[in-house]
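I opened the notebook to record a few look-ups in one structure. The entries run from overall layout to individual residues.

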Amino acid sequence: METTKLIEKQIDLASTENAKHLLMALASYRSRKKTISRQMLAYIIGISDRRLRQLIGQARKKSAIPICFDPVSGGYFISYEPSDVERLIAEYRSRATDEWETAKALEVHIPRKTDLNQVTIDEVS
């Protein structure tokens, strides 16, 4: 299915008006060469920057919409190109690894529990 039709389908399936507005605003930004800033997106949709970040996260998580970010331009775009989606996935995995390492480092402040059924971070990693 071509990208335009995929975006149109996702706009139709969007769960809220704000989600529909987000996807409509992003519909013409589909490559690293043409991006839109988060501030401009928030302004167009009429929501706060914080709410926009939540909306982008929900669109990625609940609907698997590949809303990508280009650190060079500082803007967002929708892309179904495997290289862009792989970059987005790598970014999420890197953040998850960093969060995991932070949690593990902070465990030094909590006494070890003696519950034999409890799984520790060391056992999982």
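**Entry 1, overall layout.** I note at the outset that this is a predicted model. I counted the secondary structure and got six helices and three strands. Reading along the sequence, I wrote the order down as α-α-β-α-α-β-β-α-α. I then looked up burial: of the 125 residues in the chain, 26% are buried.

**Entry 2, a helix pair.** Two packed helices are described by the angle between their axes and the distance between the axes. I looked up both values for α2, which covers residues 17–26, and α3: the angle is about 125° and the axes are 10 Å apart.

Side chains of opposite charge can pair when their charged atoms come close. With the cut-off at 4 Å between a side-chain nitrogen of Lys or Arg and a carboxyl oxygen of Asp or Glu, I get six salt bridges. I looked at three of them in turn.

Asp-70 pairs with Arg-32, and their closest N and O atoms are 2.6 Å apart. Asp-70 sits in strand β2 (residues 67–70) and Arg-32 in the loop between α2 and β1 (36–37), so this bridge ties together parts 38 residues apart in sequence. Are the two partners buried or exposed? Asp-70 has 7% relative accessibility and counts as buried. Arg-32 has 25% and counts as partly exposed. I also found that the pair belongs to a network of salt bridges linking Arg-32, Asp-70, Asp-84 and Arg-87.

Next I took the bridge between Asp-49 and Arg-38, where the closest N and O atoms are 2.5 Å apart. Asp-49 lies in helix α4 (residues 49–63) and Arg-38 in helix α3, so the pair ties together parts that are 11 residues apart in sequence. Asp-49 is partly exposed at a relative accessible area of 25%, and Arg-38 is partly exposed at 23%.

Asp-49 has another entry in my list: Arg-53 forms a salt bridge with Asp-49, the closest N and O atoms being 3.1 Å apart. Here both residues lie in helix α4, four residues apart, or about one turn of the helix. Arg-53 is partly exposed, with a relative accessible area of 41%.

Which residues make the nonpolar surface patch? I found Met-40, Tyr-43 and Ile-44, with a patch area of about 360 Å². I followed up on Tyr-43, which lies in helix α3, residues 38–45. Tyr-43 has a relative accessible area of 68%, and it counts as exposed because that value is over 50%.

Most residues other than glycine have a negative phi. Where is Ala-64? I located Ala-64 in the loop between α4 and β2. I looked up its accessibility as well: Ala-64 is exposed, with a relative accessible area of 57%.

How values were computed:
Residues are numbered from 1 along each chain as its sequence is written. This is a predicted model: local features need pLDDT of at least 70, side-chain atom pairs count only at pLDDT 80 or more; totals for chains, interfaces and linings use all residues. Side-chain values use heavy atoms; hydrogens and water are left out. Patches are made of residues with over 30% relative accessible area and no salt bridge: like charges are joined within 9 Å, nonpolar side chains (Val, Leu, Ile, Met, Phe, Trp, Tyr) within 5 Å. Accessible areas come from the Shrake-Rupley method with a 1.4 Å probe; for residues, only the protein chains shown count as cover. Helices (H or I, at least four residues) and strands (E, at least two) are DSSP runs, numbered from the N terminus. Buried means under 20% relative accessible area, exposed over 50%, partly exposed in between (1.4 Å probe, protein chains only). Axes are lines fitted to C-alpha atoms, for helices over the stretch in contact, and angles run from 0 to 180 degrees between N-to-C directions.
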